[in-house]
Amino acid sequence: MKKIVALTLALLMLIGTFAGCSEPPAAPSVGSPALSQASSALEESSSSPESGVPAKNTGYQTEPVTLTAFKNGVAMPPDWEWGDDPTSKRITELTGVTVEVQYAATTDNTEINTMLASGEKLPDFVITDAHGPVRNMMVDQGFAQPLNKLADEFYKPFYDVLPKDMDKVYLESDGNFYCVVDFYGDESKYDDQILNTRGPVSFSIRKDLYDEAGRPDVSTLNNYKNVLLQIKEKHPEINHPIWDWMISTPWNSSSMLNALARMYGATNNYFHYNGDQVEMVFMQPYYKEALKTYNDWYRSGLINAEQFTYKSDQQRAAGKAQDFISFVGYYWVVLQWTGILGEMVYETIEFPLPEGKSSEDFKIHDDYFSTGNSGVFITKDTEHPDRCIEYLSFLLSDEGQILQRYGTEGLTWEKDEHGRPKETELKITTEAESVEKMQRELGVYNYDFSWLTSTWAIVYGAHNTYQAYPGALHDFEIMTPHQQNERFSDLVYSLTDTDAMVLKEQIFDTWKSGTAAIIVANSESEFEDAYAKFISDMNQSGVDQLCQYFTENAEHWRSLGLSQ
C-alpha cells in the first residue's frame, strides 16, 4: 500500500486547467490581416519606451543558449516547439534562452523514475510535482541543486522576485530549498488585483427559470430549497435540480458539502483547531448539521444520486443540456459546459445561509493563497547553472509573469487605465475558436513553457479578462467579500511522511464513501444509523493518529512563522 501511494500521490495532487473556453465565433488565423496589423503594432511598441516593455532587458545575460527540460506531464498544447509563437520568441529576445522540452507520455511517473534511475545525464530543468515522493526523490538522492546556493553564487536578484515565503514553504530539512512553484499567491502582491477572481465555490440558479418564478427571496437555506422545489414542480423534465460539482470529494473547497459545513461553523476545508490540537472537521457537531441539510435536500428530490457515479463526459452532457436548476461549485465550469460566455445563463446568488447566520461571518477558501502544485528544479547535471537561475528569476519577475499569462503586449493584451492587461480582440476571438490555437499560435496559457504562472499574475488583469463574461463577473463580485486566507490549513494538510500519507488516503476514502452513504439515507433513522457508522469507522481507522500527524505538521509551520 505504501508503494502504491508513493507512486501515485504526485498524480493525485495535480490540478486541472485555468479558465474555460467555448466554441463560437471564428477568429482571424495567423497570416490574416488582423494578426498582421497587430504584429506591426507590436514591432513598433517593442522599441518604444512608452510601451512598458523594454527592447532589451539588461538584467540578464543575453548570449544565445539552449536549455533542456523534462516536464513530468503531457504537452499543453501538443505539437508545439519553441519559437512557434510570439511569446516564446519574446522570451528569447529578452533572455537569450531557447528551451527544448521533452514531455512524459504517461501519468504514473514511469518516465521520470526511469530517467532518475538510469544514471544518464539529466536535462537542465525538471518540472514535476512539488509535493510527495517525486520531490523527495529529487532532493534526497541529490538530483536537484539548492536554488538558494545557486542564487548566492550566480544571481542574487533572484531573491527580489521570489514570492513571499515560498522559500519557507519549500524548505527542506537540510536548510535549503530546491524548487519554485506555479499557482503560488504572493501575499506582497495581493492588493494589486482589482477583483479577486479565485473563489472556488458559489451558488447559482438558471436565470430564465428564476425570472419565471418571479425572483423570490433565496437568502436562507429554507427559502433556497423551497424556490427550487417550486421550479422543479413546473419543470419535471430537469433531472438534477441541484448540481454539486465536487460531490465525490467533500473536502474540496468547490464542493457543496464543504460550503454547507462552513455555514454551520467550519473555518476551512479539513480541520477544527481546538487550541493547539488539530481535529478533523468531519468529526465536529456542525458537520452533522451540514449533512442533515444535504440529506434533507436529497429526500426532497433536489439531489439526484446518479451524480455520484457520473463520468466527466456525462457531466459535460448534462451541463450542455442545462439539465440542472441550480449549480454549486466553481462558476467557470458552467461556462465551459454550456459553451455560452457572452450572456448570463446561470445567475450567481448570495450564499443562502441557515436561519440566524450572518453573511458577514461566512467565509470560503481564497484560492489566491495556493501553495503551489508543479515545481521547477535545476538538476545536478546542468552545464549552465548561472543561466538556469537567471531564467527562473525571469519567469518569476513581473515581466515574465505577464508574458506567461497574457502573452505579448500590443498583440494579445493592452494596458487599461490602471496599467493592467486588457485582452485584445485577437486574443478573445482566438480563444473562442480554440484554446489550443491560442496556446500554440499566440503563446497565451501555453503550459509547455509557462511553468511558473503564479496566482498573482492570474488575477492581476482578470477583471478585464472577464468583462466579456457577465455571468462570471457577477459571480466574482458576489463571492469576493466572502473569501479568506487559509494557507496555514493547506500547509498543515500537506504531509510528507509516507506512513502519514498512506493513513490520510485511507481515511479520506472512508470520508468520501461515508458521507455519500449518509446523504442518500431515506429516513431520519437511516440517517442516524449511517452517521453513527461513519463516526465509528473513522475512529477505528486511526483518525486520532492522523490528527497527531497533522498537529505535528501544524507545529512545524508555526515554528517557521507561517500560521493563522
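**A serine and its surroundings**

Q: Where does S326 sit?
A: This is a predicted model, and in it S326 belongs to strand 9, which covers residues 324-329.

Q: Is S326 buried or exposed?
A: S326 is buried, because its relative accessible area is 0%, and buried here means under 20%.

Q: Which residues does S326 touch?
A: Leaving aside residues up to four places away in sequence, S326 is in contact with S204, I205, Y224, L228, P241, I242 and W243.

Q: What does its side chain reach at 2.7 Å?
A: At that distance the side chain of S326 reaches the backbone oxygen of S204, and a polar contact of 2.6 Å also links the side chains of S326 and Y224.

Q: Changing topic, which residues touch the most other members of the largest nonpolar core?
A: That core has 152 residues, and the ones touching the most other members are F125, F158, V180, M280, Y391, W451 and W511. Its largest share, eight residues, comes from helix 23, residues 498-519.

Q: And what does Y391 touch?
A: Not counting residues up to four places away in sequence, Y391 touches L67, W82, I91, T95, V97, V99, F125 and W451.

Q: How many helices and strands does the protein chain have?
A: The protein chain has 25 helices and 15 strands, and buried residues make up 57% of its 564 residues.

Q: What about the surface?
A: The protein chain exposes about 22900 Å², with carbon and sulfur atoms supplying 48% of that area.

How values were computed
Residues numbered from 1 in each chain as written. Predicted model: local features only at pLDDT ≥ 70, side-chain atom pairs only at ≥ 80, totals over all residues. Heavy atoms only, no water. Core = buried A, V, L, I, M, F, W, Y, C linked by side-chain atoms within 4.5 Å. Buried < 20%, exposed > 50% of the residue type's maximum accessible area, 1.4 Å probe, protein only. Helix = DSSP H or I, 4+ residues; strand = E, 2+ residues; numbered from the N terminus. Contact = heavy atoms within 4.5 Å. Polar contact = N/O pair within 3.5 Å; in protein donor to acceptor, adjacent residues only side chain to side chain. Areas by Shrake-Rupley, 256 points an atom, 1.4 Å probe, with all protein chains shown as cover.
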